[in-house]
Every structure is written in structure tokens, then in C-alpha cells.
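This report describes one structure, part by part. Please look at the sequence and the structure first, then read on.

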Number of protein chains: 2
Amino acid sequence: MAYENKDMKPKVAITIGDPRGIGPEVVVKALAQASLRQVCAPLVLGDFHVLSRTVEALSLGLKVIEAAEGARDFPPEVLPLLPLSHFPPGKDFRDIPPRDSSRASFAYVEKAAQMALTGKVDAIVTAPVSKEAISGAGIPFRGHTEYLADVSRTEEFVMMLAGERLKVALVTTHLPLRDVPHLMQEGRIRSVIEIVDKGLRDYFDRSAPRIAVAALNPHAGENGLFGEEELIISRAIQGACKKGILASGPWPADTLFYRAKQGEFDAVVSMYHDQALIPLKLLHFEDAVNITLGLPFIRTSVDHGVAYDIAGKGLANSRSMEEAIQLAAQMAHKKLKSQSSTL
Amino acid sequence: MAYENKDMKPKVAITIGDPRGIGPEVVVKALAQASLRQVCAPLVLGDFHVLSRTVEALSLGLKVIEAAEGARDFPPEVLPLLPLSHFPPGKDFRDIPPRDSSRASFAYVEKAAQMALTGKVDAIVTAPVSKEAISGAGIPFRGHTEYLADVSRTEEFVMMLAGERLKVALVTTHLPLRDVPHLMQEGRIRSVIEIVDKGLRDYFDRSAPRIAVAALNPHAGENGLFGEEELIISRAIQGACKKGILASGPWPADTLFYRAKQGEFDAVVSMYHDQALIPLKLLHFEDAVNITLGLPFIRTSVDHGVAYDIAGKGLANSRSMEEAIQLAAQMAHKKLKSQSSTL
């Protein structure tokens, strides 16, 4: 990526997630990479002492400094932080009371959303929080993505997971498998196709994205033998095609992801969690990025959880965070470029 | 593979499948490979003129000869055939009436089963037939595998798909997805684990196979939040473990196949068709082999259908057939060796 001028370097807010999880570690490890600093101007939303201790423990040679909201363009050895919690120095962050840790993790996300909504940053990247711990701390919270949708008044959004060789989008997410067939609704499926189409046009270099839609049943339902779900999916595809979208399917899921990997499609719309996640994780176990499409701002996220069990041990793999920041920067750059070209 | 003497070279019966499909083509292409002829003594069950025409059209330099049931050890340029149908010479096999073609395809399988059951061959390999076409020709037929189970009085059998990097076994197969959750039965799941364990011991070099069992719901059901299916699967695993089997799970399906590919497990027991077939086809699109475990004889099969649309064009990829023959030979060799060592 080349920047015409410094102002084209996208501003990216990065939350550190739950201080008791691996979020702070993957954030500082990622931002220690000079290559990432070349493509974006990061601002970390978190806690001074949590970050300082993490940087020290990992001997990363970074200097955490408290920065103002609008500050930018720090040298790569500086980690600019907007402090939103104030845990005491010298304390092992695993000793922070879960309630305080969870409330802080929520405050970072709250601020990130606010900054994105008011245009103070060009994209946000989130490290993992614990949904259960935040709810347990008395804050009504259905999940990271749901919160961002609520606060931005977004009705229809789509979880997309992306790697170099495969991009998958989900019609349904965290649900019992037995509920999935009942949720095959033409309107929802068509919305997902449309949001994916727009996402690929806006943020990726796709002027006419080829979107494959997976069938729900094996062998694409064997011509209706297995139920009417494939008929519903077909109608959704036809609806999208009428709007000029290059959608196709419903394709038998067993061969579809191989075809997508071979380059036949730009993204696959999947009907349920494991249908999408099995092939995605098989190809991109370490480096998949979670993108929320449909929000009024750019948001990427790591593809893993808080991993309390390995937190503070220096063992966390930061690949997904690196890719999430890189991708957010790319998406923001693409958007900034298209905005400046239409001025 | 090295053979101590010629008699250790396993006898493998290979059906040509539906003469109107790509079966004859993939069989002759596979058997034209000298390497395959070194590991087994094949006997093709099919039709003289169908095979001769196919060999000619592909300029394979093979000579089809009619052989007796017990005949063996032909030179690699000879294709020994047990003729079970007699279509006229010079006729384009695509002009064979579907009824005749289907009946013939059934006769090949019938004979193969008979030979396997009476010990005249050490393994059978089947090329694709059309279930619909055979039923349409007035023969009650629920499918290749089901027929072999019926004729050998096998109550419990398992479809396994195998490639070099991944082996998957299925608890349920061709069903609407909505029916799958209701079929999570402890007895069936435990049987599948046991049959897979025995299959890996008998036919592969695994003295203590590590068998991973997939969960049905995303995130392995999030500790029971998504229903009781994971509890049922857990009980089945515990039952198998009590018999000394190294079974584990239920594992979240999204990361499980990656772990298996990395070598953590020898096989994955999957709950439904696409859960198993999506990762399998992603890793082994061309070279996966279908193995039926639980039958009283060795049976492998290609991983594709009749493909009428490309039949007779010389376009069919014979990789799956080559692997199916190779694997059947390996499995038979392993069994013959263990039998001779216990004599």
C-alpha cells in the first residue's frame, strides 16, 4: 500500500479487550511490528499499567505514552494509548477483580464505537472480551458485535470471516443446529447476500463480486427431496440477482468451499456456524479475521476468545490481531481513497 | 509394499459401474498404471465391448481378455475381465438403453459381493452406479452400500472417507439437516466409534487409534446451553472408552478438522454429511476414497458419481479410482499378512 500523503494513513482505534485475557498481549505484539505501523496510525484504547507491564514482560522495546484522542503519527517505538481505566501499577493483571476488568473492557469498546461513529477514527479493531463476564458485572451485553449494532442503530449486519484464500459470511451464528433449518428466511438470506456484495465492493477490490450461496442440506437437498429450505435459498438468490448481484447457488456445501478456494468465487454465504467455520479454520487456523459488515463504520476483530488459561504467559499467538489491524487499515484506505476521488 | 510371495498379492474385484457413466473410463485409466498392477491382481467385472471401446478411445495400449473367476497374475498390459453383460460391439455405450445399462451395473455389484462373501477375492472396489436408474429399472435398490450390507447381513456399518491427511466417519449420511439432531443416539454413535476403531486396527497400521468425536452444535454446545445432543455424544464416548478405545470429544467441529489434519487424531467421527465432507473435500477433492467399514469384507469405492454429463469424453479424472484400488490392496494385504502370521 502506498500513501499519497500522511493524512491518508488510516487512524485505527484498537481496544485491548479484557485485561485478564490475552488481548493486551496480542495487541502489543502486533503493534511492535514496524510493517503494521507503516499502514496505519494506531491508537490503543486501554490501560496504562496493564499495557506497560505487558510490554515489559515481553521485552518488546516499546514505550507506552498517554495520547490525546486526535494525536497521531508517533514513531514505531511508541505505543500511543488513550487511557480509559486506571488499574494500579505493579499489580499482576490476573489479580484485577473480574468485575473491574470486565467493566473496563466494556469501556474500551464503548469509546471505540463512539470514536468511529463521530469519524474520529477510520476503523476499529477489537480484542476479545468475555460476554459472560461483562453481563456478570451488571452491564446488559449480548456480545461485541450486537453492542456495536445497537449503538449504531444497525438492524441488519453480517459476520464475515476472512483469510487470504477464503471469505465466508454467516446467515445464522451461535445457535443450536436444530434451530437453523427454521431460520432459513428469504429476507435474511437476501440481506446477507446484499451486505456481502456491498462489503466486497466498498472495502475490497471487487467491482462485481461473485457470491456463492451454500445449500443447507447435503447434495443441495437432492432436488427438493430433503425439504423446502433450498427453495427458500433459491428465491433469495434470485432476488439478489434481480438487483444485479452476481449471486449463485444454492450449491452443495461439500464441494463449494474447495471451489471458492480455487478462485471460482469471492465469498461464500453459509447458512450456519460450522458450515462456514470448518473450512475457514482448516485453511486459516491462525490468521483469520472477523469482519462485521453492515455497520456504518469499519470493524475487524480477532478470531479467538480471551483464553484466560494462557493469559500472562507470553504464549499467545498474535497473527489474527496482526491480520485484523492490517485488514482494517486496508479497508479504511480503500474507503478514504474512494471518498477523496469523489470529492 | 513388498510381497513375500506372489500369492500375497491381493485379488481385487473391480466393478465398472454404470456403463453409461464415467465408471468404465476411470477403471481402465487406473488399471493402465503399472504401479497399481504391482500391488494387486485385479479382475474387472463388466462388459467386453464397453471396456474394449473405452480402452481404444483412450489409446491406452491395454488388451481386454475374458478371464475365469479364479484367473490371476496377468501381465500389466492385459486387462482381465469377467464378462457379466454382453452389449453389442461397435455401439456407443451412451446409446445403451438406461434400463439395460442399470441392470448390468447391478449385476456387476451382485457378483462382486458374492465373490467377496465366498472368499474368491480379497477386496472389492466399486465404480459409480445410479441409485435412481437401478430403482427405475425395477430392481429394489437403496444404494450401493446398503445393498452390500443387506446381502452380507450386516446390521451396523460405517461410511468412512479417507485421504492421506484426513479420515472421517459418518454417524448419519444422506438426510435432511433438520432430521440430524433427532438421530443423535448413544448406541449408534458408540457403534460407529467401535467400528472405526476396529477398522483402523485391522486395515491400517494403528494399534491404538486416536478417535476424535465431533460435537453436533457450534462450540460443542457451549456447556449444554444448546441442547442435550452433546451429552448423548459424551455418553457414547465414555462407553467406548470403557472398552479401551482412545475416543475423545465431543470437540467443537470448527477447530477439530484442523487438529486432525495436524496429526492429533487418526480419524474423526462426524455427526452429519457436510460436517465430514466439507473438510474432507477441501483437503482431498480429487483423491478421497470411500470405505465401507463393518462389512465382512473389504470394500472401497470412488468418491464421485456417474457424471453422465462428461461420460465418453475422456475427461474423467481417475485419481479417486486409483486411490480406491490402491487402498483396497493395502487393506487386503494388511489383513492377509495378519492372517498368515496367526496361522
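## An enclosed helix

Helix α1 (residues 23-31) of chain A has nine of its nine residues buried, so the rest of the structure largely encloses it. Buried means under 20% relative accessible area, exposed means over 50%, and partly exposed lies in between (1.4 Å probe, protein chains only). Helices (H or I, at least four residues) and strands (E, at least two) are DSSP runs, numbered from the N terminus. The buried residues of α1(A) include G23(A), P24(A) and E25(A). They pack against β1 (11-15), α2 (34-39), β2 (41-47), α3 (48-57), β4 (78-85) and α11 (319-341) of chain A. Contact here means heavy atoms within 4.5 Å.

The model is predicted: local features need pLDDT of at least 70, side-chain atom pairs count only at pLDDT 80 or more, and totals for chains, interfaces and linings use all residues. Residues are numbered from 1 along each chain as its sequence is written, chains are lettered from A and ligands numbered from 1 in the order in which they are written, and side-chain values use heavy atoms, with hydrogens and water left out.

## Helix α9 and its cover

Helix α9 (residues 253-261) of chain A is largely enclosed by the rest of the structure, because eight of its nine residues are buried. Among them are D254(A), T255(A) and Y258(A). What covers the buried residues includes β7 (167-170), β8 (210-214), β9 (246-251), β10 (267-270) and α10 of chain A, together with α10 (273-283) of chain B. Just after α9(A), G263(A) takes a positive phi of about 100°.

Where does K281(A) lie? Its place is in helix α10 (residues 273-283) of chain A. K281(A) counts as buried because its relative accessibility is 9%. Not counting residues up to four places away in sequence, K281(A) touches D303(A) as well as D254(B), T255(B) and Y258(B).

## Parallel strands

Strand β10(A) is covered on both faces: A267(A) and V269(A) are buried on one side, V268(A) and S270(A) on the other. In a regular strand the side chains alternate between the two faces of the sheet. β10(A) runs parallel to β7(A), joined by three bridges, and L170(A) stands opposite S270(A). Three bridges also join β10(A) to β8(A), again in parallel, with A212(A) opposite V268(A). Two strands count as paired if DSSP finds at least two bridges between them.

In chain B, four of the five residues of strand β8 (residues 210-214) are buried, so this strand is largely enclosed by the rest of the structure. A212(B) stands opposite S248(B) in β9(B) and opposite V268(B) in β10(B). β8(B), helix α8 (residues 229-242) and β9(B) make a right-handed β-α-β unit. Right-handed means that, with the strands pointing away from the viewer, the path from the first strand over the helix to the second runs clockwise.

## How the two chains meet

Chain A can be laid on chain B by a turn of 180° and a shift of 0.0 Å along the axis, with an RMSD of 0.0 Å. The two copies are thus related as by a two-fold rotation axis. The superposition is by least squares on the C-alpha atoms of residues with pLDDT of at least 70 in both copies.

The contact takes 31 residues from chain A and 31 residues from chain B. In chain A, L177(A), I278(A) and L282(A) lose the most area to chain B, together 22% of what that side buries. The copies meet through the same surface, because 100% of the interface residues of chain A are also interface residues in chain B.

## Salt bridges

A search of the whole structure finds 38 salt bridges over all chains. A salt bridge is a side-chain nitrogen of Lys or Arg within 4 Å of a carboxyl oxygen of Asp or Glu. Across the interface of chain A and chain B the rule finds two. The side chains of E229(A) and R178(B) meet in a salt bridge at 2.7 Å, N to O.

Within chain A, the side chains of K198(A) and D202(A) form a salt bridge (2.6 Å, N to O). Both residues lie in helix α7 of chain A, four residues apart, about one turn of the helix.

Terms used: Buried area is the accessible area (1.4 Å probe) that two parts lose on being put together, summed over both.
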